[in-house]
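User: I would like to study the pairing of charged side chains in a protein model. Please guide me through the topic step by step.

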Amino acid sequence: ECPLCLLPQPPEAFPSLASCNHLSCRTCLEQYLHLAVSESRVPVTCPHCPTILQPTDVHHLLAEPSLRDKYEEFLLRRLLVADPGTRWCPAPDCSYAVIAYGCAECPRLTCEREGCGTEFCYHCRQPWHPDGPCAPVPSLGSPTEPLAHLEESAHGELLGWAEAEAIKVCPRCSAFIMKINDGSCNRMNCPVCGCLFCWLCLQEISDVHFLSPSGCTFWGKRPWSRTRKTLWQLGMVLGAPMVISLVAGIAVPVITIGIPIYMGRKVLGQSRRSSLSGCQQCLSVTSSVLLSVVMSPIITAVTVGIGVPLMLTYVYGVVVLSLCR
């Protein structure tokens, strides 16, 4: 049975993948790859896990030559965008890339595409300006910034949605990213270069970015004001002892009493489904409860002993440092 369409299939309908051992029918894999490549979600991951599919598997499953060409183009663009020496030709309707190294002293680049030959600057990536300084790179700034300058760019067609949806620039490749301004998750993934960045501060994020007390949260339409940040940090510093004591006071009895109850109910349910007799069921339940009664204080002590210092370190370390800054 295919885990995607839930239909019974013969064994030969399940192609093997070089990247992982997950199996799906050929029809579902072809439809999945068609959608992924059409939406520029390249490289393509397995539909069951985050493993990236090998290009040989993708070429074998994609029947249309145009989709295979798109897949190769998207892979090449992803590779070029990640290269800091790559510059894209600014000429209209030209997507040629120039790989340049050591151009700080001689920043004039020339597009080598046949029929183009546009000259542009290595630094500002604008048309070549031999007699003037580099022009600032166009940026969309914040969602509340006026959007009039979009009319002067090649992205003027986005103006129709600008009121309802916010547009920002990827901090790595400067691609335009659109997001509905509804307060949804601020963890963004650029479809061009794969950069993970925060929608509020436009910085590349790490695993602890949203644990910062600076106001960059998972949800929210805009960053907090400085007053709100300061009040929140002061509240955390002053109220931390009371809140941590309250949490620990609730967690200790809940863990101590909850573990034996949970283990007893779980073992009782498993024994009822088995072929054990009544005495064997009573013995297994009693032994599991007694063992959990002995172990629950140890688990409680370890949990509280590790959790409370971690919370105190975060509040009086990270939060205090952020407040001092």
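The questions and answers below concern the salt bridges of this predicted model.

User: How many salt bridges does the structure hold?
Analyst: Side chains of opposite charge can pair when their charged atoms come close. A salt bridge requires a nitrogen of Lys or Arg within 4 Å of a carboxyl oxygen of Asp or Glu. By this criterion, the number of salt bridges in the structure is three.

User: About how many helical turns separate E73 and R77?
Analyst: The side chains of E73 and R77 meet in a salt bridge, at 3.5 Å from N to O. Both residues belong to helix α3, which spans residues 65-81. Because they are four residues apart in this helix, their separation is about one helical turn.

User: Which strand holds E119, the residue that pairs with R108?
Analyst: R108 forms a salt bridge with E119, and the closest N and O atoms are 4.0 Å apart. The pair links distant parts of the chain, the two residues being eleven residues apart. R108 lies in strand β3 (residues 108-110), whereas E119 lies in strand β4 (residues 119-121). The strand asked for is therefore β4.

Technical notes:
Residues numbered from 1 in each chain as written. Predicted model: local features only at pLDDT ≥ 70, side-chain atom pairs only at ≥ 80, totals over all residues. Heavy atoms only, no water.
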